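Here's a quick briefing for anyone opening this model for the first time.

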Amino acid sequence: MSKRKKQTVPSKKTQVSNNYAGKLSLVVPCFNEGNRLGDLFSKLQRFHSDWTGNFEVILVNDGSTDDTLEKLQTKGDAFSAATGVSVAIVDLETNKGKGAALKAGVQRATGDHILTLDADMATSPQELLSWIPLLPGNTFPEDAILIASREHEESKV
């Protein structure tokens, strides 16, 4: 038997060129998402493992009638304790709709740039690792809005 040298695979942190030096705010509106929050926090954990920059998470409970708020608090506290990432929960006592929830989350955000995500994580924050190398200087431009759409004719779903 020949001995093989163990190969190490670099993490995405070393593979993705990222010059972002600001603070990113992830804003996630939630309405009756109690059953989906495990996946949401799993994807946030993966993002934390690969993202080289500073970020915070703003979770907005939009008047949920299930256990969403309790799970957001429990899982948010656990995520923050494990990662050191700030997690804020905004609680809208009555359902006001996605637009109002996003507005409340954006108002609470303290980052230089804001990424809004759906609670089902149909698009993961990991996508930023694909976008940043395509931007000038491998960072987000100032005073710009970037919009991604799965409906765009050149989108690859």
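There are 5 aromatic pairs here, counting rings of Phe, Tyr and Trp (its six-membered ring) whose centres lie within 6.5 Å. Planes under 30 degrees apart count as stacked, over 60 as edge-to-face and the rest as tilted. Bear in mind that this is a predicted model, where local features need pLDDT of at least 70, side-chain atom pairs count only at pLDDT 80 or more, and totals for chains, interfaces and linings use all residues. Residues are numbered from 1 along each chain as its sequence is written, and side-chain values use heavy atoms, leaving out hydrogens and water.

**Aromatic rings**

- Tyrosine 20 and phenylalanine 140 make an edge-to-face pair, because their ring centres are 5.1 Å apart and their planes sit at 75°.
- This pair links distant parts of the chain, 120 residues apart: tyrosine 20 is in the loop between α1 (12–15) and β1 (23–30), and phenylalanine 140 is in the segment after α5 (128–131).
- Tyrosine 20 is buried at a relative accessible area of 8%, and phenylalanine 140 is buried at 9%; buried means under 20%, exposed over 50%, and partly exposed in between (1.4 Å probe, protein chains only).
- Phenylalanine 47 and tryptophan 51 are stacked, with 5.2 Å from centre to centre and 25° between the planes.
- Phenylalanine 47 is buried at 0% relative accessibility, and tryptophan 51 is buried at 3%.
- Tyr20, Phe47, Trp51, Phe55 and Phe140 belong to one aromatic cluster.

**Nonpolar cores**

- The largest nonpolar core has 26 residues, and Leu24, Leu26, Leu40, Trp51 and Phe55 touch the most other members. Such a core is a set of buried Ala, Val, Leu, Ile, Met, Phe, Trp, Tyr and Cys residues joined through side-chain atoms within 4.5 Å.
- β1, α2 (37–50), β2 (54–62), α3 (68–83) and α5 each supply at least two residues of this core, and α2 gives the most, with 5 residues.
- Another core lies apart from it, with 9 residues, among them Val27, Ile58, Ala88 and Val90.
- Beyond its neighbours within four places in sequence, leucine 40 is in contact (heavy atoms within 4.5 Å) with Val28, Leu59, Ala119 and Met121.

**Salt bridges**

- The count is 6 salt bridges, each being a side-chain nitrogen of Lys or Arg within 4 Å of a carboxyl oxygen of Asp or Glu.
- Glutamate 56 and lysine 23 form one of them at 3.6 Å, N to O, and it links strand β2 to strand β1 across 33 residues.
- Glutamate 56 is buried at a relative accessible area of 2%, while lysine 23 is partly exposed at 22%.
- Lysine 43 and aspartate 39 meet at 3.7 Å, N to O; they are 4 residues apart in helix α2, so about one helical turn separates them.
- Glu33, Arg36 and Asp120 are linked in a network of salt bridges.

**The whole chain**

- The protein chain has 5 helices and 4 strands, running α-β-α-β-α-β-α-β-α from the N terminus. Helices (H or I, at least four residues) and strands (E, at least two) are DSSP runs, numbered from the N terminus.
- Of its 157 residues, 37% count as buried.
- The chain averages a pLDDT of 87, and 85% of the residues score at least 70; pLDDT is the predictor's confidence in each residue, from 0 to 100.
- Over residues 1–15, pLDDT stays under 50.
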